[in-house]
Amino acid sequence: MGIELVLGLVIVAALAGLAYACANFFSVKKLPEGNERMQEIAGEIRLGANTFINYEYRVVAVVAAIIVVVLAALISWSSAVSFITGAVMSAIAGYIGMKIATYANVRVTNKALTSKSLSETLKVAFKGGSVMGLCVAGFALLGVFIVFIVFGVLLKQIDAAVARDGSVALASSFKSIVGMFTDLNLGGSFTMTLSSYALGCSIIALFNRMGGGIYTKAADMGADLVGKTEAHLPEDDPRNPATIADNVGDNVGDVAGLGSDLLESFVGAMLSGTIMAIELFTNLLFHDTALLKALIYFPLALAGIGLIGCVLGIASLFIRKKLSSNPHKELNAATWVSAGITMIVGFVASYFIFGSLEVNLGEEIGFRFGWVSPMVGAAIGIVAGIVIGKLAEYYTSADFKPTQGIAKSSVQGPALTVTQGLAVGMISCMWPCIVLGLSIFISFIVAGPYGVAAAAMGMLSFVATTVSVDAYGPISDNAGGIAEMSYLPEEVRDITDTLDSVGNTTAAIGKGFAIGSAAMAVLCMMTSYMFSFNHVGVNNPDFGIDQMFDGVVLNVINPLGLTGAIFGAAMPFLFSGMLINAVAKAAQRMVDEVRRQFREIPGLLQGTARPDTKTCIQISTQGAIKEMTAPAVLAIAFPVACGFIFGAEFVGGILVGATLSAIMLAIFCGNAGGAWDNGKKYIETGVLGAENGKGSATHDAGVVGDTVGDPLKDTVGPCLDILIKIMSNLALVMGSAFASYNLYDIITK
């Protein structure tokens, strides 16, 4: 299977996915919005979301422009252009996903009102979510296609890599720090070009996740702490001034942020295998040029097949006239169809790509089972992702004991609610880490270092469906808020709440996939990073794939490596603390504003006056934009500064320490926050007795737990996997510079 055929598959898949997304977008938009009150509320939410994301993108554009200048000056013009491509693709996907969410929410409400059917309402919510999912995979692949065509084929960077004239030659040609355009014919090495594309995606994801997370949690906490616990208002009560801002936050954080997050995870998983293959070949750890091309093409082919499988899987839910009353079952069915098609056709593609090679795949690249090995590695990743997701469901769903235990502890007050939730979150880290560690080890045994990248690819090969299922949740949540604020019948809210509760579980599962794939992709990036400046095979031609880790050793017992690992392990904690502080500051202003309005607007609590929702939206917008800058700059500047001060090996230690602590923190935050949230919902069902239901002290304690967990599960947790990928991408792009120019070497030598 040649490069022309693979790139043809990629562009066909990308265009098919985007065309289906476009069709679903307009299919949702032409549905009726309901009565005047519903349209008014939806309009306010839409305006708030548009205002925020436009404001945020202006800030991001400034940061991106600075990075572009640095990349062009220090690395290559190809890296700068590739970075812009990744940033644009990620930004467009997030923007379109946010737009459809603000159109779909009120239409879901109206469908629930007019049809009284759970299954019909599910179709509208999922169709809205599918636009986000299809755009994530479609724009990611479109950007990859552009990068491969322009830099890989037209500027012959792939040929340079095959000729071993790319990574080592160009990466080692740092002749000066300013104005380095190393080779104007090539414009840089292909690994740097690909890493820069992934870095562009990561920057947008970080800002969207952070900005959206701070926005939505500030509004959510203000609405809950004052509206629920002090005024004892119901969820999404129209008298609560922060309710509209809370619903805006669902769109900018849980939709736009989610989409950008999973897009960069998808890109990172896809490109990690290609980058690793080029680095291994460049370092003479294997020698067959046809095998190198196959290793470069395979991730693209699997991603293209995955998107086509997702189009069919998503369509399978809509073409069925009658669905069951179990939304979880129907969403799972769409996911299984997507995954099944991806796996079956993926094995066929693996045969055509690797089966005809005239080389011993076991000896050359570590494929223990021949041509089938990379797909076995991908299957291991899929199984690991499913298991990690199921473990997240166990610890966060109200159907199981951990979350039920948190709810029951609320009878004794909020202190025990928080304590029990902390325990659940900490305990929940062990099994996912075991699964993740075993999957990394087994995939390496099956397919060598490339097998780990294949496992990451497998986890996210059907990302379009995964994101569609995840994005449907906040759309349903918004629909419930519109129903409450429009004074619609209780049965409408029952339908939207059923859909929303399933969305909470699917979101927890999606976060498991995100952190699992991030860990695997970062491991591959770290390996590539160490090769980018060590060149072990070049220095010792006797090295092969079996000795790769003999040549590249990161000595964490060495004081320099150990210090780097300690610094790195502390970094996610500092980053997380800054995010929680950001949410707390914005939430404090929101709490003060909601209290002021309850106090100063006559008749507000009685329902005879309307709240000032615009001020609350403004507080969340300004708070998010102001508070997200410092942690974003830290994530970008920290590895770069440490590299130029202490050198490349120190940064290697940082990557190891940061990755390990970030994995634990992300799992803890996601599961603890999800358990607190669903524990509150479990109390609201009334199973603990009428005296412990809504409006009781027990419910207040549950709301406190939910409020504590909000910034953990929706701000901190999702940002941590982006953090470690940004750091690893930056390290890979700048690795040769760190090795050649650092203050530590100047002082010690």
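Biologist: At what angle do helix H4 and helix H7 pack, and is H4 roughly parallel or roughly antiparallel to H7?
Modeller: This is a predicted model. In it, H4 (residues 118–154) and H7 (residues 190–228) have axes 11 Å apart and pack at about 155°. Angles over 145 degrees count as roughly antiparallel. H4 is therefore, relative to H7, roughly antiparallel.

Biologist: Which residues make that contact, and how many of them are charged?
Modeller: H4 contributes Phe139, Ala140, Gly143, Val144, Val147, Phe148, Phe151 and Gly152, while H7 contributes Phe190, Thr193, Leu194 and Tyr197. By class, the contact of H4 with H7 has nine nonpolar and three polar residues. The number of charged residues there is given as no charged.

Biologist: What is the handedness of the crossing where H4 passes H7?
Modeller: The two helices pack with their axes 11 Å apart. Where H4 passes H7, the crossing is right-handed.

Biologist: How is H20 oriented to H21, and how many charged residues does their contact hold?
Modeller: H20 (residues 559–600) and H21 (residues 613–646) pack at about 170°, with axes 9 Å apart. That angle makes H20 roughly antiparallel to H21. The contact of H20 with H21 divides into 18 nonpolar residues, four polar and, for the charged ones, four.

Biologist: Which residues of H20 and H23 meet, and how many are nonpolar?
Modeller: On H20 they are Met571, Pro572, Phe575, Ser576, Leu579, Ile580 and Val583. On H23 they are Pro711, Leu712, Thr715, Val716, Cys719, Leu720, Leu723 and Met727. The contact of H20 with H23 has two polar residues and no charged ones, and the nonpolar count is 13.

Biologist: How far does H10 reach from its first C-alpha to its last?
Modeller: H10 covers residues 327–354, which is 28 residues. At 1.5 Å a residue, 40 Å is expected. The span in the model is close to that, at 40 Å.

Biologist: Which residue's backbone nitrogen does Asn326 reach at the start of H10?
Modeller: The contact comes from a side-chain oxygen of Asn326. That oxygen lies within 3.1 Å of the backbone nitrogen of His328.

Methods: Residues are numbered from 1 along each chain as its sequence is written. This is a predicted model: local features need pLDDT of at least 70, side-chain atom pairs count only at pLDDT 80 or more; totals for chains, interfaces and linings use all residues. Side-chain values use heavy atoms; hydrogens and water are left out. Helices (H or I, at least four residues) and strands (E, at least two) are DSSP runs, numbered from the N terminus. The expected span of a helix is 1.5 Å times one less than its number of residues. A polar contact is a pair of N or O atoms within 3.5 Å; within protein, one must be able to donate a hydrogen and the other to accept it, and residues adjacent in sequence count only if both atoms are side-chain atoms. Axes are lines fitted to C-alpha atoms, for helices over the stretch in contact, and angles run from 0 to 180 degrees between N-to-C directions. Angles under 35 degrees count as roughly parallel, over 145 as roughly antiparallel, 65 to 115 as roughly perpendicular and the rest as oblique. A crossing is left-handed if the near helix is turned anticlockwise from the far one by less than a right angle, and right-handed if clockwise. Contact means heavy atoms within 4.5 Å. Ala, Val, Leu, Ile, Met, Phe, Trp, Tyr, Cys and Pro count as nonpolar, Asp, Glu, Lys and Arg as charged, and the others, Gly among them, as polar.
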